[in-house]
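These exercises go through one protein chain, from its overall layout to single side chains. Work each task with the sequence and structure open, then read the solution.

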Amino acid sequence: MGNSTIDSWQPLRGYTSARIALGRSGVATSTAVNLQFQLDHARARDAVHQGLNVDALAAVCTATLADIGGNHRQHLLPAIQLSSQARDRHHYLQRPDLGRQLPELQWQALAEHAASQAPIDVALIVGDGLSSAAVSAHAAPVLAMLIAGLVELGLQLGPLCIASQARVALADDIGEALGASLSVILIGERPGLSSPDSLGMYITYRPKRGCSDAERNCISNIRDAGVSYQQAVDTALYLIRGALLKGFSGTRLKDDSATLTASCLGVPFLK
C-alpha cells in the first residue's frame, strides 16, 4: 500500500522543486533522499557564506550594459563599488543592522557625486544579500532589461552601485545620498533547500535612512524555476511608474499589472 501511495504522488514532482513524494524506507526516508537533503542544505549554506566577487560582477554588468545607448550610459558606467559597515561576511551575519548602513565616508562621497550631476529619478543598486550565487547568476540580465525599460520611460538614472555585505535597507542610505526619487535594489534572497539562487528586487519611493519595510515593494523569487526575468521587469516598471505618479510605494501601492495589457507598460512616463 505504501508503494501505491508514493506512485500516486510521483507525477506531481514534475511540477515543483518542493520536497514532496519523498517516499520512505521503513520508518525513515531512503538513503538517496537523505543524501539529496544534505546536498541541498550544503548548497544553501554555501550561498549564504560565499562572498561576492564584486570586480567580476562589475565587469559582467559593464559588458551587459554596454549596448544601452543614450545619455544614460555615461552615468551607469563604470559601476561604483560600495560596502556596508559590516567588515566581513562573519560580521555581516552577526550584525544585520550594520548591513543596512553605509560608512559615512562613502555616504558623503555619493552625495558629492550626486551634487555634480542632474537630479536622479532612479538609483540602481545591486547587493550581495544572503545569496551571492543569485546575484552572480541573475543580476546582470535583469538589470539590462530593467534599464532598457526605464530609459523608454524617460527617467534619469543614477550611477550603478554594487554593494557588498548588503541588506535591503542599504538602498535607503544610497538612495538618500544620491538624492534619488526612487531606489531599486537587486539582492540575493535567503536561500531555501530548493532555491539557493533566488533574486529579489525591492522598490522604495523617496528612500532615506529609517524607511520601514512597509514603505517598499518586493518582487521575489526571480530565477529560472521561479519568476521569469520578463515578468519581474514588467512588474517592476509598473510599480516604479505608479510610485512616481502617486508619490508613494509599499503597502499602499498595489500590483494591479495583471489586469492591464502588456502594451500599457510601454506608455512613456509623463513627468
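Contact means heavy atoms within 4.5 Å. The model is predicted: local features need pLDDT of at least 70 and side-chain atom pairs count only at pLDDT 80 or more, while totals for chains, interfaces and linings use all residues. Residues are numbered from 1 along each chain as its sequence is written, and side-chain values use heavy atoms, with hydrogens and water left out.

**Exercise 1. The chain as a whole**

Task: State how many helices and strands the chain has, and what share of its residues counts as buried.

Solution. 
Step 1. Helices (H or I, at least four residues) and strands (E, at least two) are DSSP runs, numbered from the N terminus. The chain has 9 helices and 6 strands.
Step 2. Buried means under 20% relative accessible area, exposed over 50%, and partly exposed in between (1.4 Å probe, protein chains only). Of the 271 residues, 45% count as buried.
Step 3. Take the contacts between residues at least 6 apart in sequence: 70% of them join residues at least 24 apart.

**Exercise 2. The sheet**

Task: Give the order of the strands in the open sheet and name its edge strands.

Solution. 
Step 1. Two strands pair if DSSP finds at least two bridges between them. The order is β1-β3-β2-β4-β5-β6, and the pairing is mixed.
Step 2. β1 (80–83) and β6 (216–222) each pair on one side only, which makes them the edge strands. From one strand to the next, the twist averages 20°; angles run from 0 to 180 degrees between N-to-C directions, and axes are lines fitted to C-alpha atoms, for helices over the stretch in contact.
Step 3. Look at the parallel pairs. β1 and β3 are joined by 4 bridges, and Q81 has I162 as its bridge partner in β3. β2 and β3 are joined by 3 bridges and also run parallel; here G127 stands opposite A163.
Step 4. Look at an antiparallel pair. Strand β4 (residues 182–188) and strand β5 (residues 199–205) are joined by 7 bridges, with G188 opposite L199.
Step 5. Check the faces of β3. C161 and A163 on one side are buried, and so are I162 and S164 on the other.

**Exercise 3. Helix α8**

Task: Is helix α8 largely enclosed or largely open? Find what it packs against.

Solution. 
Step 1. Among the buried residues of α8 are L170, I174 and L178. Because 8 of its 9 residues are buried, α8 is largely enclosed by the rest of the structure.
Step 2. α8 packs on the sheet and touches β1, β2, β3 (161–164), β4, β5 and β6, its direction making about 145° with that of β2.
Step 3. Helix α6 (residues 104–115) also meets α8 (residues 170–178): their axes come within 7 Å and cross at roughly 40°. W107, L110, A111 and A114 of α6 make this contact with D173, I174, E176, A177 and L178 of α8.
Step 4. Sort these residues. Ala, Val, Leu, Ile, Met, Phe, Trp, Tyr, Cys and Pro count as nonpolar, Asp, Glu, Lys and Arg as charged, and the others, Gly among them, as polar. The contact of α6 with α8 has 7 nonpolar, no polar and 2 charged residues.
Step 5. After α8 comes G179, with a positive phi near 70°.
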